[in-house]
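Thanks for asking me to look this one over. Here are my notes, point by point, to read with the structure open beside you.

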Amino acid sequence: MADDLTFDTRPPARSGECMRVSPLVRRIVADNPGPITFTGTCSYIVGSGQVAIIDPGPDGKGHIETLLDAVRGETVTHILVTHTHKDHSPAARAIKDATGAEIVGCAPHHSARPLFSGEVNTLEASSDRDYAPDRELRQGDAIAGRGWTLEALATPGHMANHLAFVLPEEKALFSGDHVMAWSTTVVAPPDGSMSAFMESLDKLKGREETLYWPGHGGPVQEPQRFVRALIHHRRQREASILNRLRAGDRTIPAIVAAIYQGLNPALVGAAGLSVFAHLEDLVAKGQAVVDGIPALDSEYRIA
């Protein structure tokens with residue numbers, strides 16, 4: 001079918017290399033490769049002479065120095081952050097100290113829902129709780145520089161505070177970890193929400209951007225087709241989970257083993273978190289039931 005989901009797993013660039021990828025955009029890939037980060041976090045420089053940096057990345061000396069070298073002789077006016085995972089936001093503080101630029105973008109870290117009684121947030125270590133923007137951007141807020149504009153688009157789901165940024169001059173979208181060409185994103189409660197993620201995908205349908213610059217990997221070509229395919233993929237995943245419940249699977253590990261056959265062992269935990277997000281959503285919609293509260297170690301049944 002036209003909207004089959006296919007991934008582009010070609011490395012976007014070598015880490016530490018500043019590459020011009022469009023007339024207004026330069027990209028530097030941080031040296032933090034891994035099963036979740038692919039070849040590393042993509043930081044973007046928008047503009048020339050008077051510039052903004054999007055997702056400055058992890059707090060690593062080498063990456064920060066590369067970013068600062070790339071903008072030497074230019075004025076950094078803004079540092080934008082899509083969300084508060086530690087591979088995206090921590091370097092903002094060092095770059096602000098070096099340039100005096102304003103940190104703007106997503107809200108400080110917060111979860112999509114409160115913790116249930118006795119629940120432990122297994123994602124605590126991955127979140128940048130020290131992030132404090134000088135100015136929080138909300139849906140429709142915009143900043144501008146010489147020849148460029150960046151408009152905030154709220155895209156919660158991967159994290160509750162996730163933003164994307166529209167660059168209308170090039171009909172481009174900096175999509176953070178919401179939509180990536182190399183893989184689907186992890187949605188993990190309580191920081192993330194599958195219902196919010198799906199609503200954010202629906203929000204992207206019909207928009208006019210013709211290219212997405214994601215937080216990891218290369219650009220998303222034909223984004224409207226890709227977004228439709230992502231929505232279809234998630235709906236199929238939900239249907240597979242319901243089928244496993246009907247077949248008698250009760251736990252997340254059993255469901256993961258059945259529907260993610262051949263999965264890289266390093267990604268089993270991430271798959272379990274995404275199944276958990278689907279199950280939490282299915283319980284909320286009345287299509288599944290759970291003994292006690294929805295949790296990673298709960299037992300689930302078809303409603």
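1. Buried here means under 20% relative accessible area. Glu209 has 5% relative accessibility, so Glu209 counts as buried. Please keep in mind throughout that this is a predicted model.

2. What does the side chain of Glu209 meet in a salt bridge? The partner is Arg207, at 2.9 Å from N to O. Arg207 has 27% relative accessibility and counts as partly exposed, whereas Glu209 is buried.

3. Another salt bridge to look at joins the side chains of Arg26 and Glu74, with an N to O distance of 3.1 Å. Arg26 sits in strand E2 (residues 25-29), while Glu74 is in the loop between helix H1 (61-70) and strand E5 (75-81), so the pair ties together parts that are 48 residues apart in sequence. Arg26 is at 8% relative accessibility, which means that Arg26 counts as buried under the 20% cut-off.

4. Next come Arg301 and Asp291, whose side chains form a salt bridge at 2.6 Å, N to O. Arg301 belongs to strand E15 (residues 300-302), and Asp291 to the loop between strand E14 (288-290) and E15; the two residues are 10 apart and link distant parts of the chain.

5. Now to the helices. H1 and helix H2 (residues 91-99) pack with their axes 10 Å apart, at an angle of about 40°. That angle makes H1 oblique to H2, because angles under 35 degrees would count as roughly parallel and those from 65 to 115 as roughly perpendicular. The crossing of the two helices H1 and H2 is right-handed.

6. Which residues make the contact between H1 and H2? From H1 come Ile64, Leu67 and Leu68; from H2 come Ala91, Ala94, Ile95, Ala98 and Thr99. Sorted by class, the contact of H1 with H2 has seven nonpolar residues, one polar residue and no charged ones.

Note on methods:
Residues are numbered from 1 along each chain as its sequence is written. This is a predicted model: local features need pLDDT of at least 70, side-chain atom pairs count only at pLDDT 80 or more; totals for chains, interfaces and linings use all residues. Side-chain values use heavy atoms; hydrogens and water are left out. A salt bridge is a side-chain nitrogen of Lys or Arg within 4 Å of a carboxyl oxygen of Asp or Glu. Helices (H or I, at least four residues) and strands (E, at least two) are DSSP runs, numbered from the N terminus. Buried means under 20% relative accessible area, exposed over 50%, partly exposed in between (1.4 Å probe, protein chains only). Axes are lines fitted to C-alpha atoms, for helices over the stretch in contact, and angles run from 0 to 180 degrees between N-to-C directions. Angles under 35 degrees count as roughly parallel, over 145 as roughly antiparallel, 65 to 115 as roughly perpendicular and the rest as oblique. A crossing is left-handed if the near helix is turned anticlockwise from the far one by less than a right angle, and right-handed if clockwise. Contact means heavy atoms within 4.5 Å. Ala, Val, Leu, Ile, Met, Phe, Trp, Tyr, Cys and Pro count as nonpolar, Asp, Glu, Lys and Arg as charged, and the others, Gly among them, as polar.
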